[in-house]
Amino acid sequence: EYIPSLNEMRLGKTANETVGLAASGFNQLATTTGAALQSFGLNADQAAQQTILLTQRAADMANVFDTSVAEALGAIQSGVRGMELPLRRFGIDLTDAKLQAEAMAQGITKAVSEMSEQEKAHLRLSAIMRQSEKVAGEFAKSSDTFAGSMQRLGATIENIRAEIGTQLLPILQPLLEAFLGITKSVLEWMQANQELSRFIIVVVL
């Protein structure tokens with residue numbers, strides 16, 4: 001099971017400002033992305049670093065192509081696995097010809113057709129980051145626009161809701177348990193006194 005790193009958790013706390021995501025949404029995406037990257041041979045530190053970079057790039061892509069960060073990051077995850085189609089709407093080409101060009105740019109002479117899945121996954125990651133470089137920083141540029149402000153506001157409100165829930169839980173838990181206890185006692189009494197219960201219900205209603 002993938003556990004988000006300290007850096008990822010720190011970014012999660014400010015994700016409402018940096019990528020327009022509530023902490024819960026960022027942590028969920030970080031977990032699935034990190035797990036996928038580790039399955040392709042990256043260690044925990046590498047997966048954490050790449051997860052942060054990919055989430056930031058997904059926010060930039062989402063801003064330019066008018067979609068959600070989750071959808072953009074999902075397309076990236078699909079691309080790393082070898083599914084080309086989801087990334088085409090973002091102008092990213094992961095055909096073998098493009099991957100071979102990426103390999104040559106890195107000084108790799110091995111043919112893509114002869115590479116292992118892990119090797120191709122690493123190559124796809126590089127190609128995704130290189131081809132999406134043109135949109136890098138777009139989320140930050142739009143942060144002061146109305147749409148950007150509304151996105152950050154929505155994420156911030158979600159964080160506040162989660163925090164309020166966390167703070168109130170210790171107070172509400174005993175009250176809920178007490179309420180359930182009372183409810184159970186009432187139901188037991190009604191089962192034991194069915195005629196009287198029906199009479200009371202008729203009178204009340």
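Reply: The account below begins with the basis of the values, then turns to the charged pairs and the nonpolar groups.

The model is predicted, so local features need pLDDT of at least 70 and side-chain atom pairs count only at pLDDT 80 or more, whereas totals for chains, interfaces and linings use all residues. Residues are numbered from 1 along each chain as its sequence is written, and side-chain values use heavy atoms, with hydrogens and water left out.

The structure holds seven salt bridges, a salt bridge being a side-chain nitrogen of Lys or Arg within 4 Å of a carboxyl oxygen of Asp or Glu. One of them joins the side chains of Arg 57 and Glu 133, with an N to O distance of 3.4 Å. This pair links distant parts of the chain, 76 residues apart: Arg 57 lies in helix H3, and Glu 133 in the loop between H7 and helix H8 (138-141). Helices are DSSP runs (H or I, at least four residues), numbered from the N terminus. Arg 57 is buried at 8% relative accessible area, while Glu 133 is partly exposed at 48%. Here buried means under 20% relative accessible area, exposed over 50%, and partly exposed in between (1.4 Å probe, protein chains only).

A second pair is Lys 110 with Glu 119, whose closest N and O atoms are 3.0 Å apart. Lys 110 is partly exposed at 33%, and Glu 119 is partly exposed at 34%. Arg 124 and Glu 117 form a further salt bridge at 4.0 Å between the closest N and O atoms. In that pair Arg 124 is buried at 7%, whereas Glu 117 is partly exposed at 42%. Glu 117, Lys 120 and Arg 124 are linked in a network of salt bridges.

The nonpolar surroundings come next. The largest nonpolar core has 32 residues, of which Leu 54, Met 61, Ile 76, Val 80, Leu 87, Leu 94 and Ile 128 touch the most other members. Helices H2 (23-38), H3 (44-65), H4 (69-81), H6 (96-105) and H7 (117-131) each supply at least two residues of this core. Such a core is a set of buried Ala, Val, Leu, Ile, Met, Phe, Trp, Tyr and Cys residues joined through side-chain atoms within 4.5 Å. Leaving aside residues up to four places away in sequence, Leu 54 touches Thr 33, Leu 37, Leu 73, Ile 76, Leu 125 and Met 129, contact meaning heavy atoms within 4.5 Å.
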